[in-house]
Amino acid sequence: MSETGSRLRKQLESANFDPQNYVKQLSQQSDGDRDLQEHRQKIQTLADETAQNLKKNVYKNYRQFIETAKEISYLESEMYQLSHILTEQKSIMESITQALLSTDKDETSKEMLAAFPKETEEVKQRTLTSLLEKVEGGKNIMDTPGRHLVYNGDLAEFDVENMNPVQRVHAFLMNDCLLIATWLPNRRGTVKYKYNALYDLESFAVVNVKEHPPMKDMFKILMFPDSRIFQAENSKVKKEWLEILDETKKNKVTKDKRKKEEEMPSSPQRPEVSTNPFDDEEEDLPADSGGAVVDLGMEWIQELPEDLDVCIAQRDFEGAVDLLDKLNEYLRDQPVTQSVKELRGKVEERVRQLTEVLVFELSPDRSLRGGPKATRRAVSQLVRLGQSTKACELFLKNRAAAVQTAIRQLRIEGATLLYIHKLCNIFFTSLLETAKEFEMDFAGNTGCYSGVRGLVPLGHENVRQCLQQAGVWAVFDSQESLTTAAECVKVAKEHCKQLSDIGLDLSFTLQSMLVKDVKTALLSYKDIIIEATKHRNSEEMWRRMNLMTPEALAKLKEEMRVSGIGDFEQYTGDDCWVNLSYTVVSFTKQMMGFLEEGLKLYVAELHMVLLESLREIILVAVQHVDYSLRCEQDGEKKAFVVHNASFLHDTVLPVVELRFEEAVGKPAKQLQDLRKSTRSLKVNPESTTSLV
């Protein structure tokens, strides 16, 4: 930067800079306009440099922001790994401690059980019974034998979405389930709580909630696909809840496992007694019956159900499906024993939970932002789980809801053509992206129709809903011109053509829905042109047209050239004169415009409608010329009328016939017959016989 520029920058950046005084001094010191222009150029250069520096700083900060986000992601993953390692270390230390103290504990517990075997069990059950008497609707909970109270206390429940307080509850943790009871506002005797929910210990997972004031001392209970958040009285109570819940769940798993091991020796005797010839052979051969034995003692198999729970809770859908694939691959060639069936029973429950979560991910209730790619994760995992048909159905429903939501949010404001552009861009672009994503997600999957043909019902149905929801029929309202309606339909047809390139043709659906309104619009605009032509005919003076300026004449020539009348030059005279009447020129422009807009709206069902409309419009002009020839007495004016009739017969009508045949692919027979009948105007202009 030059010294002058640096001085100017410092002056503008000073804290006491006053723009009005600066401009005033500059105007007094400058010699003229040139100095002001040079100073303006310097300020503009300084502004451009400042803007460029600002862009560089923004780009630099943006890159630093991206790098920082990546580092945070890396740190988060490392912290998660560290937490996992610490958890493992804690469990190892606890197991070592328990092993060292197991002897003393076993001896003490044996002595206590020997001394008070029935009293301990009775005290636990009596305590639970006395507490449950305070719960309205909780009398049947004690029907399960062996159920006793482990821990209980007051908690506060918060909303999962917005973290607002919901209600005050009292939780009862038993050796096999968790009871949630709400506080009664109006107590009735000893009843203080009301039954709310009862969860089996195996049906939920407990997750610690990080503290973000004022949200603290909270933990979450996950019951897929739902969850509930509770707040303890303080951090100590929260820690007790987490530890006791974890310990109780482990004790139940250990107890169930020990019970199954005790029952195993008696199970081989059952197949020998069976006399049913239709029993499945696989069910008759348990793992320990002397046949093949499946090794299910590996650590990853033993921890598989819990690992699946963790993956679902952490939304690691890919990891959960990978574990299922690994298990299926391991058991593929293994015999189906009783232990394998039990393992599969546990796994199938997790598969059901995982499927429910994935289905919820694709439901329209979830956020519809992100486009079709946002559904790819859930769809791919459902396909891997063998739920391809369900994934296909949910994917299409999700995208249909997204398109309808986007259309509802589109505001009808400004020009109609602009609104139709936005509407078609939203609908057809979304459908095109959905088709591409559909082919990518379900490629080679025969359970989801065949390629993009699976989108045909969605496309046809959504075209109808799109038009109905967006109020497209307002385009054909009498307040809108035929030009606007034609452009809108042309835009929609062009978008349909893009979809036909991928094998999805919606043109027929679009045409079938619009044909009635297009027909009404054509007939309405035809009547408007006829009325306007008749009004001009009533004021016809048969004089040459004077455009006053060369620019206006050049504009008229260009309009005629665009309309297809290329030899209009021969009908122009000296200066700004046109050797045609104002009525004939206006009629030609209006009729050629109607032809072009009608061809944009053309469908096979409207062939005769458009053809008859053109014939009626042309017939109005021809009848007026015929009437003028028969009634005009002035020889000079009569020659001018013949000149205009020649223009219509030799120039305009052939162009109309040719343009119609090129666009439609069929000759316009009615227009050809009309042109042949008008030859009498040129051949015998003195005739008093009317065309009609």
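The dialogue below sets computed values against the definitions behind the labels.

Mentor: This is a predicted model, in which local features need pLDDT of at least 70 and side-chain atom pairs count only at pLDDT 80 or more, while totals for chains, interfaces and linings use all residues. Residues are numbered from 1 along each chain as its sequence is written, and side-chain values use heavy atoms, with hydrogens and water left out.

Trainee: How many helices and strands does the protein have?

Mentor: The protein has 22 helices and 10 strands. Both are DSSP runs numbered from the N terminus: helices are H or I with at least four residues, strands E with at least two.

Trainee: What makes Tyr151 and Trp241 an aromatic pair, and why is the pair called edge-to-face?

Mentor: Rings of Phe, Tyr and Trp (its six-membered ring) pair if their centres lie within 6.5 Å; planes under 30 degrees apart count as stacked, over 60 as edge-to-face and the rest as tilted. By this rule there are 13 aromatic pairs. Tyr151 and Trp241 lie 4.9 Å apart, centre to centre, with 85 degrees between the planes, so they pair and are edge-to-face. Because Tyr151 belongs to strand S2 (residues 149–158) and Trp241 to helix H5 (residues 235–263), the pair ties together parts that are 90 residues apart in sequence. Tyr151, Phe219, Phe230 and Trp241 form one aromatic cluster.

Trainee: Why are Tyr151 and Trp241 called buried?

Mentor: Buried means under 20% relative accessible area, exposed over 50%, and partly exposed in between (1.4 Å probe, protein chains only). Tyr151 has 19% and Trp241 has 2%, so both are buried. Of the 692 residues of the protein, 36% count as buried.

Trainee: What makes the pair of Phe568 and Tyr571 tilted?

Mentor: Their centres are 6.4 Å apart and their planes 40 degrees apart. The pair is therefore neither stacked nor edge-to-face, but tilted. Phe568, at 2% relative accessibility, is buried, and so is Tyr571, at 7%.

Trainee: How do you know that Arg168 lies over the face of Trp183?

Mentor: A charge sits over a ring if NZ of Lys or CZ of Arg is within 6 Å of the ring centre and within 35 degrees of the ring normal. Arg168 is at 3.9 Å from the ring centre of Trp183 and is placed over its face. Lys249 likewise lies over the face of Phe204, at 4.9 Å from the ring centre.

Trainee: Why is helix H18 called roughly antiparallel to helix H19?

Mentor: The axes of H18 (residues 582–600) and H19 (residues 607–631) come within 11 Å and cross at roughly 180 degrees. Axes are lines fitted to C-alpha atoms, for helices over the stretch in contact, and angles run from 0 to 180 degrees between N-to-C directions. Angles under 35 degrees count as roughly parallel, over 145 as roughly antiparallel, 65 to 115 as roughly perpendicular and the rest as oblique; the pair is therefore roughly antiparallel.

Trainee: Which residues of H18 and H19 meet?

Mentor: Contact means heavy atoms within 4.5 Å. Among those that meet are Phe587 and Met591 in H18, and Leu610 and Ile617 in H19.

Trainee: Is Asp217 buried or exposed?

Mentor: Asp217 is buried, because its relative accessibility is 9%. Asp217 sits in the loop between strand S6 (205–208) and strand S7 (218–223). Met548, at 61%, counts as exposed.
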